[in-house]
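Subject: Structure handover

Hello,

Here is the structure I promised to pass on. Please open it beside this message and follow along.

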Amino acid sequence: MTNNNVDKVCIETPLGIAVISGGEQGLASVSVTKESENTPSKNIPSHLQGAVTQLQEYFQGKRTEFDLTLNPSGTDFQKRVWNELLKIPFGKTVSYLDIAKRLGDPKCIRAAASANGKNPLWIIVPCHRVIGTDGSLTGYAGGLWRKKWLLDHENPVKQQSLF
């Protein structure tokens, strides 16, 4: 069956319900919603099973990289930014300026930040690993509390609070 149909499934995560969509050509989007907006799916199409399994493994701390066919919709520039995001190692962060420099133009920082914010593949394309030049947690469509949770989850050195 090769067609352009897109299927959607919902799974529970520690950060809310993940909505995963894609078809035979690959994963189109992964987003997070409030539990009240969607309920977990009972049936998962075979072409989305890999994404479901790999996301569950990620949240269980058993996966640091994803091996999925991606098929997001976006402009050529957005896709270039998202490709740069895929190069950020697990447990590491880079700044928006770093991304702009990697694209060859430090002046495109705002455009790169905008493309980062339009990333349709939550966690799979790790836009949460991009922070402000000063190290601050800035801008995250899923909410800064989720960004902090994800960075803490990926941090190989768990820091204890002194207070």
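Below are the notes, taken helix by helix and then loop by loop.

First, the ground rules. This is a predicted model, with residues numbered from 1 along each chain as its sequence is written. Local features need pLDDT of at least 70, side-chain atom pairs count only at pLDDT 80 or more, totals for chains, interfaces and linings use all residues, and side-chain values use heavy atoms, with hydrogens and water left out.

**Helix H4 and its cover**

Helices (H or I, at least four residues) and strands (E, at least two) are DSSP runs, numbered from the N terminus. Helix H4 spans residues 109-117, and Ala112, Ala115 and Asn116 are buried in it. Buried means under 20% relative accessible area, exposed over 50%, and partly exposed in between (1.4 Å probe, protein chains only). Seen down the axis of H4, the buried residues fall within an arc of 105 degrees, so they line one face of the helix. That arc is taken from the directions from the helix axis to the C-beta atoms. An α-helix has 3.6 residues a turn, so residues three or four places apart point the same way.

What covers the buried residues of H4? The cover includes helix H2 (76-85), helix H3 (96-102) and strand S5 (130-131).

H2 and H4 pack at an angle of about 80 degrees, with axes 9 Å apart. Axes are lines fitted to C-alpha atoms, for helices over the stretch in contact, and angles run from 0 to 180 degrees between N-to-C directions. The two helices are therefore roughly perpendicular to each other. The cut-offs: under 35 degrees is roughly parallel, over 145 roughly antiparallel, 65 to 115 roughly perpendicular, and the rest oblique. From H2, the residues Phe77, Gln78, Val81, Trp82 and Leu85 meet Ala111, Ala112, Ala115 and Asn116 of H4. Contact here means heavy atoms within 4.5 Å.

**The loop between H4 and S5**

Asn119 sits in this loop. Asn119 is buried, at a relative accessible area of 12%. A polar atom of its side chain lies 2.7 Å from the backbone oxygen of Val125. Leaving aside neighbours within four places in sequence, Asn119 is in contact with Trp82, Val125 and Cys127.

Ile123 is in the loop between H4 and S5 too. Ile123 is buried, with a relative accessible area of 1%. Its phi is near 70 degrees, a positive value in a residue other than glycine.

**Cysteines**

How many disulfides does the whole structure hold? The search finds 0. A disulfide is a pair of cysteine sulfur atoms within 2.5 Å. The sulfur of Cys108 has its closest cysteine sulfur in Cys127, 17 Å away, too far for a bond. Cys108 is buried at 12% relative accessibility, and Cys127 is buried at 8%.

**Helix H1**

Helix H1 covers residues 46-59 and holds Gln54. Is Gln54 buried or exposed? Gln54 counts as buried, at 10% relative accessibility. Its side chain makes a polar contact with the side chain of Arg63 (3.5 Å). A polar contact is a pair of N or O atoms within 3.5 Å; within protein, one must be able to donate a hydrogen and the other to accept it, and residues adjacent in sequence count only if both atoms are side-chain atoms. Not counting residues up to four places away in sequence, Gln54 touches Arg63, Glu65, Phe66, Asp67 and Leu68.

Gln49 is in helix H1 as well. Gln49 is partly exposed, with a relative accessible area of 33%.

Best wishes
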